[in-house]
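Subject: Handover of a structure

Dear colleague,

Please find the structure below, together with its sequence. I would be grateful if you could read the notes that follow with the structure open beside them.

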Amino acid sequence: MTTAGKAERLLLDGRVTVRAADLDGRLTANVEGDHGLWSVHRTAGGSWTCSCPAAWFTRACSHMAAVRLITGDQRP
Ligand SMILES: [Zn+2]
């Protein structure tokens, strides 16, 4: 399955929980992935991070993609 497909699955399964968001653009969300509970952050500058190993190695993962679907921020 593609990253985009996995992201849609996470959303539809209710595995994305937004914990905090502010008007500066910061956002924190928890995503219950197949291999653990990960923490996704968006900084005020628009940078995304995720605590999962895939994000560490590739700087992209389905967890960040899922939260981006909510925010509409599709920039890499
Ligand atoms: Zn991740």
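This is a predicted model: local features need pLDDT of at least 70, side-chain atom pairs count only at pLDDT 80 or more; totals for chains, interfaces and linings use all residues.

Overall architecture

The protein chain contains 3 helices and 4 strands, and along the sequence these follow the pattern α-β-β-β-β-α-α. Along the principal axes, the C-alpha atoms fill a box of roughly 35 × 25 × 20 Å. The radius of gyration is 11 Å, which agrees with the value near 11 Å for a compact globule of 76 residues. Of these 76 residues, 24% count as buried.

The nonpolar core

The largest nonpolar core comprises 15 residues. Val 31, Val 40, Cys 50, Met 64, Ala 66 and Val 67 are those with the most contacts inside it. Two or more residues come from each of α1, β2, β3, β4 and α3, and α3 gives the most, with 4 residues.

Val 31 illustrates how parts of the chain meet. Leaving aside neighbours within four places in sequence, Val 31 is in contact with Leu 10, Arg 15, Val 16, Trp 38, Val 40, His 63, Ala 66 and Val 67.

Helix α3 spans residues 62–71. Its buried residues are Ser 62, His 63, Met 64, Ala 65, Ala 66 and Val 67. What covers them? The covering elements include α1 (3–12), β1 (16–21), β2 (27–33), β3 (36–42), β4 (48–50) and α2. Just after α3, Gly 72 takes a positive phi of about 80°.

The packing of α1 against α3

Two packed helices are described by the angle between their axes and the distance between the axes. For α1 and α3, the angle is about 65° and the axes are 8 Å apart. Their crossing is right-handed. On the α1 side, the contact is made by Thr 3, Ala 4, Lys 6, Ala 7, Leu 10 and Leu 11; on the α3 side, Ser 62, Ala 65, Ala 66 and Leu 69 take part.

An α-helix has 3.6 residues a turn, so residues three or four places apart point the same way.

Two residues compared

Ser 62 lies in helix α3, whereas Arg 59 is in the loop between α2 (53–58) and α3. Which of them is buried and which exposed? Ser 62 has 25 other C-beta atoms within 10 Å and is therefore buried, since 20 or more are required. Arg 59 has 12 such atoms within 10 Å and is therefore exposed, the limit being 12 or fewer.

Leaving aside neighbours within four places in sequence, Ser 62 is in contact with Thr 3, Lys 6, Ala 7 and Leu 10. Ser 62 and Ala 20 are 42 residues apart along the chain, and their C-alpha atoms are separated by 20 Å. As for the backbone at Arg 59, this residue has a positive phi of about 60° although it is not a glycine.

With kind regards

Methods
Residues are numbered from 1 along each chain as its sequence is written. Two residues are in contact if their C-beta atoms, placed from the backbone, lie within 7 Å. Axes are lines fitted to C-alpha atoms, for helices over the stretch in contact, and angles run from 0 to 180 degrees between N-to-C directions. A crossing is left-handed if the near helix is turned anticlockwise from the far one by less than a right angle, and right-handed if clockwise. The radius of gyration is taken over C-alpha atoms; the globule rule is 2.2 Å times the number of residues to the power 0.38. A nonpolar core is a set of buried Ala, Val, Leu, Ile, Met, Phe, Trp, Tyr and Cys residues joined through C-beta atoms within 7 Å.
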